[in-house]
Amino acid sequence: PPGTDLQSTTNKAIQVENLAKTLQSQGQVSDIQTTIGQGSGTAAALAQLTGGSAGGVSNAAALTLSLTGQAGDPQALASSLEGQINAIGGFQSVKVQTVSATQGGGGAGGQTSGLDIELVSNNTANLRQANKTILDYLSGPRAAELNIANVTSNLADVKPALQIDVNPQLAIVHGTTAAQVAQQIGGLLNGSNAGTITLSNASDPSAANKPLSLFVQVDPTKINQDRLKNLPVGTINPVPLAQVATIQEVPGAVSVTRINGDQAASITGKITSQNTIDVQRKVEQEVKKLSLPAGVTVGSGTQAQSQSQALQSLGVALLIAIGLVYLVMLIWSGSLLNPLVILFSLPLAAIGAILGLFITGKPIGITSLIGMLMLIGIVVTNAIVLLDLVEQYRRGGRSIYDAVLHAGQVRVRPILMTAIATIVALFPLALSSGSDSFLTSDLAIVVMGGLFTSTMLTLLVVPVVYSLVNGLRNRLTRKPQTPYIPPAQPVPTDENRVEAVS
């Protein structure tokens, strides 16, 4: 409800966290992130949820659950979870919805656009100390060397708060308990229901003779440290609060972020280099070398973790693609060695792709890896076309040398024509500019560079590897090679000359 303080909202959020932890123990959820109050990137969402402004929200919390493959239907899980949360009670509104995990797209190659470091600890003081140490280090002279700027933390935003520590022994002496004192203070600060009244002469006829609830609360603008000290507490022998408690002003959090039940802080900043993945990794290594308080763990933030997982998934996809290509060629050729010879053209394509990125100053990212994935299917076609004709010549009785030589002469023209046509068609994408140009430019550069080197080297390297592999196979099987015999030139005769003239 409106007016709920941050601590009360945190207590409710922890109850919801416990539901999520049950799903986590069942393997349906991998990570749980909780933001209570105004947080970086969540203020607008919380304001929309509560109908308030983004300037300060203390009565709302947002939890993000990262689902695993065992979660089943996300929509069904969301509906079930919403019912369980409502069953807890005490909420003004509950909304559970599914969202798609997006990869960072602001940096070159589809990488994260900024620094994203996450600190986690179960000790608030240690977390704040570690947060300050890292902020001071990353905002100092090392910032330019590490290619970062404008480093901030969501833990840095604080507001003054009054902390009341009730002494249980003193409270008992004055005929009360610490829990009763806390309840009295909470009732005054948070407000409480004071019964109902009925208006007989209401200005609005629809409100007449209807019971209205009364809500009583101390005016927050008139609360200060001196008035709290003189606030009477206790029932049997009321005494000023200062006699049973210590009151001091402390920095209060504007928001509370929790990762898997522990308090967390997010440090973000701008990366001035295009190679954002490398900068993120270097900064994490530097931060872990700092002398941080015990119990504070440092790792990549949600965005950086998502980027890393995407790169790993693409790496796995590359290996699967190579395996599928080999399987198709194995079925086509019926040979175990010939597909391996054809796959030898893939490293030749990687040389050109990496060289193209190096010349243009582009880092290796998601988009460039997608280009690599495309190259696997494009590049092997040249080697397949070449070796298919070599095998036809071999079955016709020609030697390895003769078959490779003649196949190269026949296939060089169509191979070069298709490669040049593809490279020329990709020039507009490679030269594109704009905010989203990295999506097209990086991919085009990778495909162009890989196709260029693979085409040039395939016509030279693949025939040589094919000859060496077949020579080694023949020696192992002790099968004599068919010697190379140059084609016999016809001897000119008078009859031939007459036929030529005629």
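A polar contact here is a pair of N or O atoms within 3.5 Å; within protein, one must be able to donate a hydrogen and the other to accept it, and residues adjacent in sequence count only if both atoms are side-chain atoms. Keep that in mind for the second stop.

This is a predicted model: local features need pLDDT of at least 70, side-chain atom pairs count only at pLDDT 80 or more, and totals for chains, interfaces and linings use all residues. Residues are numbered from 1 along each chain as its sequence is written, and side-chain values use heavy atoms, with hydrogens and water left out.

**Stop 1: the whole chain**

Show the protein chain as a cartoon. It has 17 helices and 13 strands. Both are DSSP runs numbered from the N terminus: helices are H or I with at least four residues, strands E with at least two. Of the 502 residues, 35% count as buried. Buried means under 20% relative accessible area, exposed over 50%, partly exposed in between (1.4 Å probe, protein chains only).

Now colour by pLDDT, the predictor's confidence in each residue, from 0 to 100. The chain averages 77, and 81% of the residues score at least 70. Contact means heavy atoms within 4.5 Å.

**Stop 2: Thr34**

Select Thr34, in strand β1 (residues 29-37). Is Thr34 buried or exposed? Thr34 counts as buried because its relative accessibility is 0%. Its side chain makes a polar contact with the side chain of Glu17, at 2.7 Å. Beyond four places in sequence, the contacts of Thr34 include Ala13, Ala62, Leu63 and Val256.

**Stop 3: Asn147**

Move to the loop between α5 (142-145) and β4 (148-153), where Asn147 lies. Asn147 is partly exposed, at 29% relative accessible area. Not counting residues up to four places away, Asn147 touches Lys270, Ile271, Thr272, Ser273 and Val279.

**Stop 4: α13 and α14**

Select helix α13 (residues 366-395) and helix α14 (residues 400-425). They pack at about 145 degrees, with axes 8 Å apart. Axes are lines fitted to C-alpha atoms, for helices over the stretch in contact; angles run from 0 to 180 degrees between N-to-C directions. Show side chains at the contact: among them are Leu386 and Leu389 in α13, and Val404 and Ile415 in α14.
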